[in-house]
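Here's a quick briefing for anyone opening this structure for the first time. Have a look at it below, then read on.

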Amino acid sequence: MNAPDKHLAQGAAVPATGQPHVHESARAQVAGGATYIDDIPEVKGTLHAAPILSNVAHGHLRGVDAAAALAMEGVRGVVLAQDIPGDPILATFVHDEPIFARDKVEYVGQVVGLVVAETVMQARRAARQVRLDIEPLPAVLDVREALAAQSFVLKPVTVRRGEPEQRIAAAAHRLSGSLDVGGQEHFYLEGQVGYAMPLEQDQWWIYSSTQHPGEVQHWVAHALGLENHDVRVECRRMGGGFGGKETQAGHIAVWAALAARKFRRPVKLRLDRDDDFMVTGKRHPFAYDYEVGFDGDGRVAGLRLTMAVNCGFSADLSGPVADRAVFHVDNAYFLGDVEIASYRCRTNTQSHTAFRGFGGPQGMIVMEAILGDIARALGKDALDVRRANLYGTTERNVTHYDMTVEDNILAPLIARLEQSSAYRARRAEIAAWNDGSPVIKRGLALTPVKFGISFTATFFNQAGALVHVYGDGSVQVNHGGTEMGQGLHTKILQIVADELGVPFGRVRISATDTGKVPNASATAASSGTDLNGRAAQFAARQVRQRLAEYVAEKQNCRPEQVIFAHGQVSTPGAVMPWEQLVDDAYHSRVQLWSDGFYRTPKIHYDKHTLTGRPFYYFSYGAACTEVAIDTLTGENRVLKVDILHDVGHSINPAIDIGQIEGGFVQGMGWLTTEQLVWNGQGVLATHAPSTYKIPATGDVPAHFRVELWPEANPEDNVGGSKAVGEPPFMLAISVWEALRDAAAAARGGGPVRMDAPATAENVLKALRA
Ligand code: MTE
Ligand code: HPA
Ligand code: MOS
């Protein structure tokens with residue numbers, strides 16, 4: 001199945017792949033012509049729903065009094081747990097989350113039910129008038145408190161290699177410390193939305209802004225007491241997902257479908273931004289404690305690490321997120337003897353979920369923190385300590401989860417960035433500058449990224465696609481992946497265009513639809529193009545092969561001699577336009593459409609010991625970042641960023657560079673200004689852009705240079721490319737490390753504890769500690 005891309009080598013001189021094609025929806029998006037769920041013309045009779053939210057973090061739910069709401073204009077009724085015809089528990093893997101809170105509430109913002117009204121504002125106003133009778137219970141709000149109380153959503157997992165205690169005790173140097181890293185709100189521009197429509201015979205059509213239509217289908221069917229074939233889910237595009245619509249979109253769709261079922265009318269549920277903050281899960285906050293032993297070069301000999309993962313009130317994706325964090329503690333470094341204990345803690349907060357990097361950032365940051373402090377403890381340059389710890393290529397190349405790192409390019413990649421960013425010269429300049437600047441201090445850091453590509457749940461690494469060639473030669477592709485702005489559909493169009501040798505513009509994508517490609521995985525784990533691109537390529541290849549055989553027979557040549565390129569089909573003896581061949585083939589009854597299926601080879605692992613080869617390959621990169629802090633106020637700014645990132649042979653360099661820039665800036669937000677604050681009652685106090693600060697255009701560094709590593713993926717992956725969606729997010733750890741470097745300059749050296757995000761307050765704390 002995984003034959004190399006021969007066609008590209010032999011065929012199209014100017015293939016669509018490798019070109020910076022503009023995003024397939026860009027023009028429509030700019031002109032307002034790209035349809036999001038809320039833009040779909042509403043069907044006659046559509047009702048609108050709004051959620052009724054718990055205002056208590058933990059308690060017995062004694063009653064729901066909707067009388068005042070029901071008396072309001074336009075209100076049609078409420079939907080509560082007793083209105084669920086199927087299973088009242090969501091059909092998640094762990095099966096631990098009620099669709100609507102029933103006898104207890106478990107966080108402020110938990111959805112108890114819906115108010116359904118003629119207009120969205122009527123529904124929202126009425127939902128605020130529903131009175132909940134709740135008897136409060138003690139709530140666990142802090143992750144360290146949850147760990148002490150052994151309050152877990154899932155069992156702890158420990159990965160161990162060698163004898164870390166002995167190695168730490170015997171090491172020339174030791175450090176121990178703690179670190180707290182905050183969560184992150186996804187802040188997708190399009191909020192969560194679902195639109196449910198009754199069809200005939202108890203069948204349902206659901207428009208959902210989701211990264212995982214197949215799971216929405218399954219959850220809706222399960223809640224309605226139906227089978228998957230009774231529910232069809234469609235998504236043309238999302239206005240951003242970032243992991244926040246991997247599972248969370250399913251809740252909204254299920255709620256809308258339950259309301260539609262009760263009132264036998266189409267129902268739309270679109271969360272207002274504040275409610276979206278209050279209801280949906282975020283990036284998992286982490287708390288760490290560690291002990292490390294190292295030699296005089298800063299080389300780690302033994303590490304013991306505890307990670308307390310704040311999962312919120314239910315499991316959701318916390319198991320795989322916490323696993324991925326365990327898999328990424330090493331980042332780019334050989335850890336030696338190591339023990340990592342991962343605790344999946346239960347708190348009375350939103351159920352935290354997938355977010356770009358999926359635990360990877362939380363795994364890596366603690367190792368970067370440790371290496372930065374080892375360097376400061378030894379009085380060495382942090383880059384030298386990082387380099388001393390890098391995985392080797394023939395030795396010191398086995399991860400703590402027993403996977404051999406076969407494709408490591410970090411030594412040459414870091415060397416090149418060190419040169420191109422003038423790291424050494426700037427290090428000296430910054431030191432001199434800091435000597436003359438008592439209040440403002442600058443800092444510099446160069447940090448690498450090694451990110452494992454593949455879903456850690458091995459079975460998710462499969463994909464399907466359909467390629468239809470119509471009689472006029474136009475082509476339509478459908479695949480199981482979803483578009484959230486990342487450019488997946490554009491890349492798929494490029495891949496299919498090249499496979500058929502037709503111009504990019506001859507191929508169209510249609511909305512992701514569970515009625516077309518079934519059982520599709522979430523578009524996540526950065527693997528959208530790897531999986532769906534290959535499936536679409538295989539589908540197109542089958543159509544091409546049928547056409548080649550048809551032509552070869554007529555022209556008396558071999559099928560391999562038929563070349564498809566530039567919208568033409570040529571054999572040793574003839575050339576004809578693609579359209580003519582398609583027309584002839586149709587009239588000769590050749591099948592002009594096909595399916596394609598792909599599953600990632602080589603991967604396997606034992607989910608109890610977390611050992612094996614969970615990843616097909618790694619994506620690499622490095623960033624060099626310069627920052628400045630004001631030591632009187634803690635204010636800080638990112639001044640310069642140089643990135644060298646590995647996307648293999650880029651399918652679309654414009655999109656890939658966009659992903660790198662966007663991922664970096666989003667990571668910078670996580671580590672600097674985006675602070676989630678829950679008050680003593682468990683109320684998320686930062687639930688709007690007025691108090692929750694994502695980066696604005698003015699925060700993008702004035703000097704922001706991105707370069708792509710030139711080599712192809714050594715594993716056989718579509719077009720020689722590598723996944724790009726998540727890995728650049730973690731390049732932003734360089735921002736936080738540079739801030740710690742600046743703080744160390746102000747303090748005159750030594751380890752620096754700086755909790756993330758590095759808000760002005762946390763920078764001041766780091767300076768004063
Ligand atoms: N880029 C944009 N513009 N919008 C998004 O929502 N999500 C990110 C990343 N890049 C996202 C994005 C996340 S979390 C993932 S897993 C990947 O895109 C998913 O898409 P891919 O697998 O096709 O790269
Ligand atoms: N990444 C993103 N989403 C996922 C994963 C993963 O590794 N596993 C299950 N869902
Ligand atoms: Mo991305 S967090 O895997 O949706």
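Let's start at ligand 1, where an oxygen atom sits 2.9 Å from a backbone N or O atom of F242. Keep in mind that this is a predicted model, so local features need pLDDT of at least 70, side-chain atom pairs count only at pLDDT 80 or more, and totals for chains, interfaces and linings use all residues. Residues are numbered from 1 along each chain as its sequence is written, chains are lettered from A and ligands numbered from 1 in the order in which they are written, and side-chain values use heavy atoms, with hydrogens and water left out.

**Ligand 1**

- Ligand 1 is surrounded by 18 residues, and the closest are G241, F242, M484, G528 and Q659; a residue is near a molecule or strand if one of its heavy atoms lies within 4 Å of it.
- A polar backbone atom of M484 is 3.0 Å from a nitrogen atom of ligand 1.
- R356 brings a polar side-chain atom to 3.2 Å from a nitrogen atom of ligand 1.

**Ligand 2**

- Around ligand 2 you'll find E246, P320, R324, F358, F455, T456, F460, A524 and A525.
- E246 has a polar side-chain atom 2.9 Å from a nitrogen atom of ligand 2.
- In the side chain of R324, an N or O atom is 3.2 Å from an oxygen atom of ligand 2.
- T456 has a polar backbone atom 3.3 Å from an oxygen atom of ligand 2.

**Two spots in the backbone**

- Most residues other than glycine have a negative phi, and most peptide bonds are trans.
- F358 is not a glycine, yet its phi is positive, at about 55 degrees.
- You can find F358 in the loop between β15 (337-345) and α11 (360-378); helices (H or I, at least four residues) and strands (E, at least two) are DSSP runs, numbered from the N terminus.
- Between A756 and P757 the peptide bond is cis, with omega near 5 degrees.
- P757 belongs to the loop between α19 and α20.

**How some helices pack**

- Two packed helices are described by the angle between their axes and the distance between the axes.
- Helix α7 (residues 213-224) packs with helix α8 (residues 248-263) at an angle of about 40 degrees, and their axes are 9 Å apart; axes are lines fitted to C-alpha atoms, for helices over the stretch in contact, and angles run from 0 to 180 degrees between N-to-C directions.
- Helix α18 (residues 653-671) and α19 have axes that come within 8 Å and cross at roughly 45 degrees.
- That angle is why α18 and α19 are oblique to each other: under 35 degrees counts as roughly parallel, over 145 as roughly antiparallel, 65 to 115 as roughly perpendicular and the rest as oblique.
- F664, M668 and L671 of α18 touch I733, S734, V735 and W736 of α19.
- For helix α19 (residues 733-747) and helix α20 (residues 760-768), the axes come within 9 Å and cross at roughly 40 degrees.
- So α19 and α20 are oblique to each other as well.
- A743, A746 and R747 in α19 meet A766, L767 and R768 in α20.

Conventions: Contact = heavy atoms within 4.5 Å. Polar contact = N/O pair within 3.5 Å; in protein donor to acceptor, adjacent residues only side chain to side chain.
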